[in-house]
Amino acid sequence: MNGYFRISSTATSTNLELFAPTDGGTPVKTNDIISYLTSKTIPYDAGSLGKAIDAAATKDTRVTLNMTPSAPVSDMSVVTISPDKMTAVIRIYSGSADGARLDESDIRNDLASKGVKFGIKDDVVAGIISAPRYCEDIVVAEGVAPGESVDGYVEYLFNTDKKQRPTVLEDGSVDFFHLNILQAVAEGQEIARLHPSERGKDGTSLDGSIVRAREPKDAKFKFGANMHISEDGKSLISDVNGNVNLVGDQIFVNNSVTFEEVSTSTGNIDFDGSVVISGNIDTNFEVRVKGDVTVNGVIEGAYVEAGGNIIVARGVNGMGKAVLKAGGNIIAKYLENVEASAGGYIQAEAIMHSNISATGDIIVDGRKGVLSGGHATAGGMIEVKNLGSEMANDTIVEVGMSPMIKREIADLRNQAAEKQKSLDQIMPVLNNMAMKIKSGAVLSDDQKKYVSQLMAVQKATDEQLASVMVKLAELENVYNVDTPAEVKVKGTVYPGSRVCISDVSMSVKAPAKYCKFVKLRGDVKMTSYE
C-alpha cells in the first residue's frame, strides 16, 4: 500500500499523521500534501512539514500543522480524465478519524461531475468503499477503444528483391545465363493478389460518445500492359508469356523482342517491353525500353535506358559517350568510360574511368575486380577486389546515400530552415500581443486582423514544418541507420583513391591490402577486412 496522510485534531492544535508505505508501495508525495492542505485552507509550517514527509518514507510520523483545532475532515476523492477521454483515475485522500467516509454515491457523483457515463468499474467502486487505498491512482472507469483497422495491401506473388545477384562461377566470372534476376511469368498466371481493407469496430468514450475506428486505406493494383484483373477483383493475371518486374509500386509484364544488333540496320529502339540484342549496340544509337535490356555483345558509345535491368554479357566500351540508366540493376563484364546509374545495384568485373551511381550496392569482383578512375557512388556499400591503380589514378568512391537521396535530404533541410526562420519571426510578435491582452490592453480592429493573419500563417507554417521534418526523419533513418555504409577491398587499395562516407572523406596515401573503410567517431577509418 502507498504511504498516505490524514488530518487529526486536539483541543489545541491541528496535526497531520503520515503513514509509511507497505509491501513495496510509494512514499507519500509532497505535492499531494501541499495541494490537499491548500484546498482545505489549513495553514502549516513548511520546514516542519518537510522533515516529517522525509521521515514518513520509512516510518509512521506525526507533525503539528498549527495551533488551532480543526473541524472534522471528510474523505476526499479527485477524479482525473485522460486527454483521450478513455480512462478515469480516482485518487482518495483520507479524512480525519471523526470525519465522514466516502460512500458509493459520493464516487459516482464525482464521476458524473466529470462527465463519466460509461465504463464505470462497479467492482473497483465497491473495493474503494470496503477497503480504501489512499494516495493511489486507481482506474475506476474505462471506455472501449476502437478496434484496429487493417489497411488493404497488394501481395506480390513474385520476388521483388532488387538485391538478387547473378551466379558467380568458381573462376570468379559471372554466369550470364543464370542471372537469377529475370522472373518468367506464363500466360494466365496469377501475379499479384489484392487483400481488401478492414475497418475496426467503433469504440465508446467515457461520456458515452462513439469513438470512430480509423478509416483504413484501400489498396489497388498498379500495372502496365499485358495484364488484367480477375472478375472478383482480387487477382492480377498475366496475358502473355514474359518477364515480371516491380518498378516502384507498379507491376510490369514485358514480352521481349530480339534484335541481331542495334545499328544503321535497325535505327534507335523504343519499346514498351523487353529487348534482347544478340550482337552489339553501336555508337550514337539509342535503346529505350520499359522492361529489361539484355545485350549478348558489346555496348559502344550508345544511350541505353531501361525501366528494368540492363545486362551486358561482354561489356561497355563507352568512349566517353555511353550512358546507361536502369530502374533496376546494371550487370556487365566491364564498364569503361561510361556514365551509369541504377535504381538497384551495379555489378561488373572491372569499372574504369567511369562515373557510376547505384541506389543499392556496387560490386566489382571476378578475375580483375578493379575499380579505377572516375567516381562511384552507392546508396549501400561498395565492394571491390582492387581500388585505384599503381598509376595513382584519381578514384573517388562514395557510400551511404544515393546522390538523388542526398539532394532530397539537402532540399528538405533547407525547407525546414526556412520554415523555422519564418516561425522565429512570427512567434515574438504573437507572444507580445498575448502579453498585451493578458495585461488588459484592448487591441484595435487592425491589430486584431493582423494577429488573426499571423496566427493563420503560424498554423500553416507549423503544419508544413512538421510534414517536412517527418519526411526528413524517414529518409535520414533509412539511409543513415539501415544502410551498410562501408567500402570493402579484398585485394589492394592504391594511393590516389579517396573514400567518402556520408559527409567525411579519407585520401589513401599508401597502398594497403585486404581492408575495409568505415565511418568511426566522425571520421573515415581503415580497418581490417573482417
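**Salt bridges, buried polar residues and nonpolar cores**

Glu 215 counts as exposed, at 55% relative accessibility. The value comes from a predicted model. Glu 215 forms a salt bridge with Arg 199. The closest N and O atoms of this pair are 3.0 Å apart. Arg 199 lies in the loop between β9 (190-195) and β10 (203-204), and Glu 215 in the loop between β11 (210-211) and β12 (227-229), so the bridge ties together parts that are 16 residues apart in sequence. Arg 199 has a relative accessibility of 38% and therefore counts as partly exposed.

A second salt bridge joins the side chains of Asp 365 and Lys 490, with an N to O distance of 2.9 Å. This pair links distant parts of the chain, 125 residues apart. Asp 365 is placed in the loop between β27 (362-364) and β28 (370-378). Lys 490 belongs to strand β32 (residues 486-493). Both side chains belong to partly exposed residues: Asp 365 has a relative accessibility of 26%, and Lys 490 has a relative accessible area of 34%. Arg 199 and Glu 215 are also part of a network.

Glu 104 pairs with Arg 108, and their closest N and O atoms are 2.8 Å apart. Both residues lie in helix α3 (residues 104-113). They are 4 residues apart, about one turn of the helix. Glu 104 is partly exposed, at 41% relative accessibility. Arg 108 is also partly exposed, at 26%. In total, the structure holds 23 salt bridges.

Two buried polar residues were examined in loops. Asn 309 sits in the loop between β22 (303-306) and β23 (310-312). Its relative accessible area is 6%, so Asn 309 counts as buried. A polar atom of the Asn 309 side chain lies 2.8 Å from the backbone nitrogen of Asn 329.

Ser 94 occupies the loop between β5 (87-93) and α3. With a relative accessible area of 4%, Ser 94 is buried. Leaving aside residues up to four places away in sequence, Ser 94 touches Tyr 4, Phe 5, Arg 6, Tyr 36, Asp 75 and Tyr 134. The C-alpha atoms of Ser 94 and Pro 27 are separated by 15 Å. These two residues are 67 residues apart along the chain.

The largest nonpolar core has 52 residues. Val 287, Leu 324, Ile 362, Leu 371 and Ile 382 touch the most other members. Strand β25 (residues 330-342) gives the most to this core, contributing 6 residues.

The contacts of Val 287 were listed without residues up to four places away in sequence. They comprise Val 262, Ile 269, Val 275, Ile 277, Ile 281, Val 293, Tyr 303, Val 304 and Glu 305.

Key
Residues numbered from 1 in each chain as written. Predicted model: local features only at pLDDT ≥ 70, side-chain atom pairs only at ≥ 80, totals over all residues. Heavy atoms only, no water. Salt bridge = Lys/Arg side-chain N within 4 Å of Asp/Glu carboxyl O. Buried < 20%, exposed > 50% of the residue type's maximum accessible area, 1.4 Å probe, protein only. Polar contact = N/O pair within 3.5 Å; in protein donor to acceptor, adjacent residues only side chain to side chain. Contact = heavy atoms within 4.5 Å. Core = buried A, V, L, I, M, F, W, Y, C linked by side-chain atoms within 4.5 Å.
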